[in-house]
Amino acid sequence: MSDIRYNRSKSLFERACKSIPGGVNSPVRAFNAVGGSPIFFKKAKGAYLYDEDGNTYIDYINSWGPMILGHGKEEVVEAVKAQADHAFSFGAPTELEIEVAEQIRQMVPWLDLVRMVNSGTEACMSAIRLARGYTGRDKVIKFAGCYHGHADSFLIQAGSGALTLGEPNSPGVTAGTAQDTLLAQFNDLAGVVELVSNNAGNVAAIIVEPVAGNMGCIPPSDEFLGGLRSLCDREGIVLIFDEVMTGFRLSTAGAAGRLGIVPDLVTYGKVIGGGMPVGAFGGKREIFEHLAPTGPVYQAGTLSGNPLAMVSGYHTLKYLSDHPELYERIDNTTAQIHSDMESVMNEKGMPFQINRIGSMISLHFCENPVTDFTSATVGNNETFKKFFHHMLSNGVYLPPSAYETWFISDAIGQEEVEKTVETMRSF
Ligand SMILES: *Cc1c(COP(=O)(O)O)cnc(C)c1O
């Protein structure tokens, strides 16, 4: 990164480090996993990002998922501008919140009630508190390599940035909290069944990314989610789908809709705010009757349902439900990237695995299929680092870690795919 093309980003990073921990407000942005210093951005439009040095990139992060329509979608931008003239925040009810909730329920028909929060982390931590309050049980089962935000209970073998830093278990999480989180392996139904039977009557919830996206992209095996569903029904356990990444991305009704398995509770984030800080958790009325103010399980938020955020979310969701053909288009674009990337990697004769479902895709530099946390961590990260920097310096912005999923937006078209594949070929 001594390259003069990144001069301004470099000096901004040095300046940032003087007043922001590690120079960033979320760890994975720091490029620790790939080396070099992070790019500072100024502007984004459609499929493209523009950095502080005047370089242009095709964006395969899309804010880690939210910008599914591409950046600066006119319908969303205009609505947010108009709302800014009305009010930023009341801390009191608005009709907008009803519209968002109704829009979500229209897209996810099995969902009875939905509470808005400000991030995916908040959604997940609130959902497990509700599940515990509802069942009167303490333990929660999570899967190694799945990421559910940074609340204490989830930082046990967590994916995403926690994994990138090589510290899936964070210091600062007490032993008391850690002992209530039980760990299972993704796609290993028998392991979960055993864990539940060893903790009979004590498991409040099983929380799972229905398609894992924080250790690369790992689709569930055919029997995995259905098996969890039956197990939870049998044992009175609340099944929580963490759809912060997959919600409104894999279909209008998320992974649950696409795969045909209905959880008891679901958490959302990312796409639901269209780039504004929004999260939500929703599910069965019977469970939500235990949530304040109807019931005793406390959960609150000064800025929850914030009007500006709601407008951005509402118009993003509305666009998606008015244009369902978009899902086919982004899936096809991603399928094309998949097959072209496969040809390029085969030409190069390097070991690789590509995992994909819908518009989520990841590339691992390893020999064997990536199906869980263990197989996700055997990839050649040195190769990924070189690959990442090759793509970056040629104007293709991939997630700066081998454990992150790439997100395809509707703004990525033929031209961008060709440029991307051409860049891979010259690696
Ligand atoms: C991003 C993510 C979260 C955390 O959401 P934040 O908005 O970053 O707090 C939780 N679960 C999954 C599956 C995610 O991908």
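Helix axes are lines fitted to C-alpha atoms over the stretch in contact, and angles run from 0 to 180 degrees between N-to-C directions. Helices are DSSP runs (H or I) of at least four residues, numbered from the N terminus. This is a predicted model, in which local features need pLDDT of at least 70 and side-chain atom pairs count only at pLDDT 80 or more, while totals for chains, interfaces and linings use all residues. Residues are numbered from 1 along each chain as its sequence is written, and side-chain values use heavy atoms, with hydrogens and water left out.

**View 1. Helix H7 packs against helix H8.** H7 covers residues 189–198 and H8 covers residues 224–235. Their axes lie 10 Å apart, at an angle of about 15°. H7 and H8 are therefore roughly parallel (angles under 35 degrees count as roughly parallel, over 145 as roughly antiparallel). The crossing is right-handed: the near helix is turned clockwise from the far one by less than a right angle. Leu189, Val192, Val193 and Val196 of H7 touch Phe224, Gly227, Leu228, Leu231 and Glu235 of H8. Contact means heavy atoms within 4.5 Å. By class, the contact has 7 nonpolar, 1 polar and 1 charged residues. Ala, Val, Leu, Ile, Met, Phe, Trp, Tyr, Cys and Pro count as nonpolar, Asp, Glu, Lys and Arg as charged, and the others, Gly among them, as polar.

**View 2. Helix H2 meets helix H11.** H2 spans residues 74–86, and H11 spans residues 307–322. Their axes come within 9 Å and cross at roughly 155°. The two helices are therefore roughly antiparallel. This crossing is right-handed. H2 contributes Glu75, Val76, Ala79, Val80, Gln83 and Ala84, while the H11 residues include Pro307, Val311 and Tyr319. The contact holds 8 nonpolar, 4 polar and 1 charged residues.

**View 3. Helix H3 also crosses H11.** H3 runs over residues 95–107. The axes of H3 and H11 come within 9 Å and cross at roughly 30°. H3 and H11 are therefore roughly parallel. Their crossing is left-handed, with the near helix turned anticlockwise from the far one by less than a right angle. Among the residues that meet are Leu96, Val100 and Ile104 in H3, and Met310, Tyr314 and Leu317 in H11.

**View 4. Domain 1 sits against domain 2.** Domain 1 is 4–72 + 325–425 and domain 2 is 74–322, with bounds from an automatic or database domain assignment. Contact links 37 residues of domain 1 with 39 of domain 2. About 3,000 Å² is buried between them, 66% of it from carbon and sulfur atoms. Buried area is the accessible area (1.4 Å probe) that two parts lose on being put together, summed over both.

Terms used:
Angles under 35 degrees count as roughly parallel, over 145 as roughly antiparallel, 65 to 115 as roughly perpendicular and the rest as oblique.
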